[in-house]
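Here are my notes on this one, as numbered points. Have the structure open while you go through them.

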Amino acid sequence: MNEAMAMSISASVRATVRITEIECIPLNLPFHVPFKISSGAARPVVETLIVKVHTDQDVTGIGETQAWRRQGSGETLAGQINVIKEHFEPRLIGRSPFDVASLMHDLNNAMYATLYSQAAVGDALYDAAGKLLGVPVWQLLGGKCRDKIRVAAVLSMKGTIDSLLESAEQFYSNGFRHLVLKIGVDAEEDIRNVEALRKRFGNTIELRVDANAALDYDTALRLLTRLEPYDIECAEQPLGIWDIEGMSRLARAIRIPIMADESVSTDHGLLEIIRKGAASSAQTKVAKNGGIYHIRRLWHLMAAAGLGINPGNHPSTSVATSSVAQMCGSWPGALMAGVFAVGVSGALADDIVLNRIVPVNGEIAIPDGPGFGIDLDEAALRRFRIDS
Ligand SMILES: [Mg+2]
């Protein structure tokens with residue numbers, strides 16, 4: 001097929017394709033080792049929702065979100081399915097998946113605070129559009145700016161220094177040079193862990209700490225001041241989601257730069273952080289921030305405000321990992337070594353796609369196949385789904 005033919009076929013597909021159904025597939029995906037951060041008990045599974053946007057052209061778009069249930073997420077899988085089936089699907093049936101802006105605007109107006117649900121639907125629209133045109137999503141987002149992107153590894157809370165170092169050693173030998181240490185339960189333990197990591201790896205690694213909103217102002221001030229000599233890249237979300245004032249004061253009181261994560265949900269939330277000088281970088285996540293459509297707006301705001309951009313995710317399968325990789329691939333500016341690949345870097349025990357995304361030498365290659373460049377493994381979906 002020559003290029004002119006391909007273009008005319010694409011044009012006719014674009015004019016006629018219609019969405020026929022939104023399918024929701026709830027999964028319990030096991031962690032490799034129960035995942036422990038500062039708040040809540042260690043979790044054995046991540047509650048994941050795969051959304052399929054079916055069209056009348058034999059093309060199906062795929063998106064992923066999670067019911068995280070903590071740190072700003074009041075989600076349940078049943079609730080997300082209800083939002084998508086009862087409130088989103090009727091607004092999508094019969095319309096074109098290419099009309100992403102119009103569709104996402106309507107979904108956002110359909111129900112307040114539904115970014116977690118919008119994420120999977122909106123990303124599935126991009127995947128469908130890419131597949132219909134035979135191009136990767138990065139092409140739809142402006143073209144390729146890089147072939148691969150460096151990612152960070154997350155060290156979830158371990159019982160002992162030895163087990164922490166063992167896990168860090170494994171990431172290091174696999175080429176990771178950015179480590180994120182979970183902190184926020186026991187200050188003495190946090191300091192011992194940072195000391196041990198610096199002693200083991202010297203200055204060959206970037207070291208970030210993440211308190212997941214667990215600390216009060218005074219505890220954060222004392223702990224982070226004591227961590228200043230260890231050349232910490234940044235301290236992620238030290239204070240509560242609501243405490244933008246506190247983060248702003250803390251940012252002025254300590255030398256370690258602050259990253260906002262849980263505090264950044266909507267663009268309005270991000271603007272508040274920018275106005276108050278409450279962070280010098282911020283993390284986005286596919287589910288938390290509503291997928292590609294919303295996240296790119298946040299990245300543009302961050303870039304304009306001089307904030308570092310950390311491409312993140314809850315622990316995700318290759319589907320949401322590809323979503324972030326597509327954005328990174330088409331982003332011309334600087335990006336931090338993000339944590340968007342934590343799920344496929346060993347945190348999750350399995351994946352649900354046939355062509356898995358895996359880090360090589362601490363980097364993720366930007367997928368080149370149509371849409372997200374991934375194919376679902378239907379047998380794996382059957383294995384992990386909880387509604388059949
Ligand atoms: Mg975080």
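1. What share of the contacts in the protein with a separation of 6 or more comes from residues 24 or more positions apart? The answer is 74%, where two residues are in contact if their C-beta atoms, placed from the backbone, lie within 7 Å. Before going on, note that this is a predicted model: local features need pLDDT of at least 70, side-chain atom pairs count only at pLDDT 80 or more, and totals for chains, interfaces and linings use all residues. Residue numbers start from 1 along each chain as its sequence is written.

2. Overall build. I get 14 helices and 12 strands in the protein; helices (H or I, at least four residues) and strands (E, at least two) are DSSP runs, numbered from the N terminus. The C-alpha trace spans about 60 × 40 × 40 Å along its principal axes. The radius of gyration is 21 Å, which agrees with the value near 21 Å for a compact globule of 388 residues. That radius is taken over C-alpha atoms, and the globule rule is 2.2 Å times the number of residues to the power 0.38. Buried residues make up 50% of the 388. Here a residue is buried if 20 or more other C-beta atoms lie within 10 Å of its own, exposed if 12 or fewer, and partly exposed in between, with C-beta atoms placed from the backbone.

3. Two domains. The protein splits into domain 1 (14-134) and domain 2 (139-377), with bounds that come from an automatic or database domain assignment. Their centres, taken over C-alpha atoms, are 22 Å apart. Across the boundary, 37 residues of domain 1 are in contact with 39 residues of domain 2. On the domain 1 side, the elements giving two or more residues are strands E1 (19-35), E2 (43-55) and E3 (60-66), plus helices H3 (100-110) and H4 (115-133). H4 has the largest share of that side, 12 residues. By class, the domain 1 side has 17 nonpolar, 15 polar and five charged residues. For that count, Ala, Val, Leu, Ile, Met, Phe, Trp, Tyr, Cys and Pro are nonpolar, Asp, Glu, Lys and Arg are charged, and the others, Gly among them, are polar.

4. The core. The largest nonpolar core holds 115 residues, and those touching the most other members are Val51, Val121, Leu179, Leu181, Met247, Ala279 and Ala282. By core I mean a set of buried Ala, Val, Leu, Ile, Met, Phe, Trp, Tyr and Cys residues joined through C-beta atoms within 7 Å. H4 gives the most to this core, with 12 residues. Each of domain 1 and domain 2 supplies at least three residues to this core. As background, nonpolar side chains in soluble globular proteins tend to be buried together.

5. Gly130 in H4. This glycine is found in helix H4, and Gly130 counts as buried because 25 other C-beta atoms lie within 10 Å. Beyond its neighbours within four places in sequence, Gly130 is in contact with Val135, Pro136, Val137, Leu140, Pro370 and Gly371.

6. Helix H13. H13 (residues 318-329) has 12 residues and reaches 15 Å from its first C-alpha to its last, close to the 16 Å expected at 1.5 Å a residue; the expected span is 1.5 Å times one less than the number of residues. How many of the residues of H13 are buried? It's 12 of its 12, including Gln326, Met327 and Cys328.

7. Positive phi. Arg69, not a glycine, has a positive phi of about 70°. Arg69 is found in the loop between E3 and helix H2 (77-92) and is partly exposed, with 13 other C-beta atoms within 10 Å. Gln237 also has a positive phi, near 35°, and lies in the loop between strand E8 (232-236) and helix H9 (244-253). Is Gln237 buried or exposed? Gln237 counts as buried, because there are 27 C-beta neighbours inside 10 Å. Asp243 lies in the loop between E8 and H9 too and is buried, with 20 such neighbours.

8. Glu378 is found in helix H14 (residues 378-384) and is exposed, with 11 other C-beta atoms within 10 Å. Glu378 and Ile352 are 26 residues apart in sequence and 7.5 Å apart in space, C-alpha to C-alpha.
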